[in-house]
Amino acid sequence: MELTERLDFDHQDRRDIYEYVESHGPSDPETVRSALSMGERAFGHHRAILKRDGVLEEAEGELRIAFDTGAEEEFEADAVEFAIRPAREEDLTGLVGAIRASVGGGEYVDAETVADVVEDEGVLLRHNDLESRIFFVATVNDEVVGWVHLKHPELEKLSHTAELTVGVLEQYRGHGIGSHLLERGLEWAASQGFERIYQSVPATNERAIDFLDARGWEVEAVREDHYKLGGDYVDEVMLAKTL
C-alpha cells in the first residue's frame, strides 16, 4: 500500500480491523479479533482480503500496516558503515531516543513534537483519514543514529505537501548521514507525487538552516517571536523545497 493511497473499504469489518492495527501498532491477530468481538471465520476471511490487497501484512505472528517504502541501502564514509532503510515499528524506542538525543538543546521544536507524539501513541507508522506519517532511519550496527520523518495531511487542498524533519546523533555527524537521509526522504516524497516539502525551525538553529540552504531549500516565511525558548522569544523560520 502507498502512503498516499486513499483508504476505501467495501466492508465495515475490514475497516475495523485496519483501524485497530493502525492505531495500536503490530498486533496479535487473536487480540484484534477478540477486541472487535468478531467470529473466527469472518475475521479470517477479512484478514485474508486485507493481506491480499496489500493493506495489511503479517510478520512474526503480528498484523501490521503494509507500506511499500523501498529497500535498505548501505553506505560507508570515513570508515563509518551505516545503512538507511524504512523504519519498522520495532524501531520506535530507539528512534524516539535518537530524536531526543539529537535535539537536546531545544532548537528543533518540530522534531521534539514528533518524538512526543510517537512516544505517547506508541505507534510509529500511521495512515488514517486525518494524516499519514512515515520514517526512514540510519543505523550503525543495527542501532538508530538518525532519522527522516515525513508527515502528510489527508486534506485534498494540501495533498501535494508534506512536512519533514531530519536529524543525526551528534557523534555521527560529518559523515554524510544527514544528507543521505534527506535525499532518501525527498526521493520517496517525489515518488508519492508530493510537490512541496516544508520544515520549520527556530531561527537560533543556524546549523539546520545552513544545512538545508546548502541543499536547495529556500526560506519561505519567518514568524516573529513564534517560539519561547528558555524564556526568550525566538523567530520561526519556515523553509521549503519544491520537488
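Okay, let's start with a cluster: Phe136, Trp188 and Phe194 are linked by ring pairs. A pair here means that ring centres of Phe, Tyr or Trp (its six-membered ring) lie within 6.5 Å; planes under 30 degrees apart are stacked, over 60 edge-to-face, and the rest tilted.

Before I go on, the housekeeping. This is a predicted model, so local features need pLDDT of at least 70 and side-chain atom pairs pLDDT 80 or more, while totals for chains, interfaces and linings use all residues. Numbering runs from 1 along each chain as its sequence is written, and side-chain values use heavy atoms, with hydrogens and water left out.

Back to the rings. Searching the whole structure gives 5 aromatic pairs. One of them is Phe75 with Phe82: the centres are 5.4 Å apart and the planes at 20°, so that one is stacked. In the Trp188 and Phe194 pair, the centres sit 6.2 Å apart with the planes at 50°, so we call it tilted.

How buried are these residues? I'm using relative accessible area with a 1.4 Å probe and protein chains only: under 20% is buried, over 50% exposed, in between partly exposed. Trp188 is buried at 7%, and Phe194 is buried at 4%.

Now zoom out. We've got 7 helices and 11 strands, taken as DSSP runs numbered from the N terminus (helices are H or I, at least four residues; strands are E, at least two). The radius of gyration is 19 Å, close to the 18 Å from the globule rule for 243 residues, so the protein is as compact as a globular protein of that length. That's over C-alpha atoms, and the rule is 2.2 Å times the number of residues to the power 0.38. Along the principal axes, the C-alpha atoms fill a box of roughly 60 × 45 × 35 Å. And 47% of the 243 residues count as buried.

Which residues have the most contacts inside the largest nonpolar core? Ile99, Phe135 and Leu164, in a core of 63 residues. A core is a set of buried Ala, Val, Leu, Ile, Met, Phe, Trp, Tyr and Cys joined through side-chain atoms within 4.5 Å. Beyond its neighbours within four places in sequence, Phe135 is in contact (heavy atoms within 4.5 Å) with residues including Pro86, Ile99, Val114, Leu125 and Trp147.

Also worth a look is Arg133, in strand 6 (residues 131-140). Arg133 is buried, at 3% relative accessibility. What does its side chain reach? A polar atom there lies 2.5 Å from the backbone oxygen of Val123.

Most residues other than glycine have a negative phi. Ser37, though, has a positive phi near 50°; Ser37 sits in the loop between helix 2 (29-35) and helix 3 (40-52) and is exposed at 68%. Ala79 has a positive phi of about 70°, lies in the loop between strand 3 (73-77) and strand 4 (80-86), and is exposed at 71%.

Then there's Glu60, with a positive phi of about 50°, in the turn of the hairpin made by strand 1 and strand 2, which have 2 residues between them. Strand 1 (residues 56-59) and strand 2 (residues 62-65) pair antiparallel over 4 bridges; pairing takes at least two DSSP bridges. Ala59 stands opposite Glu62 there.

Definitions and conventions. A polar contact is a pair of N or O atoms within 3.5 Å; within protein, one must be able to donate a hydrogen and the other to accept it, and residues adjacent in sequence count only if both atoms are side-chain atoms.
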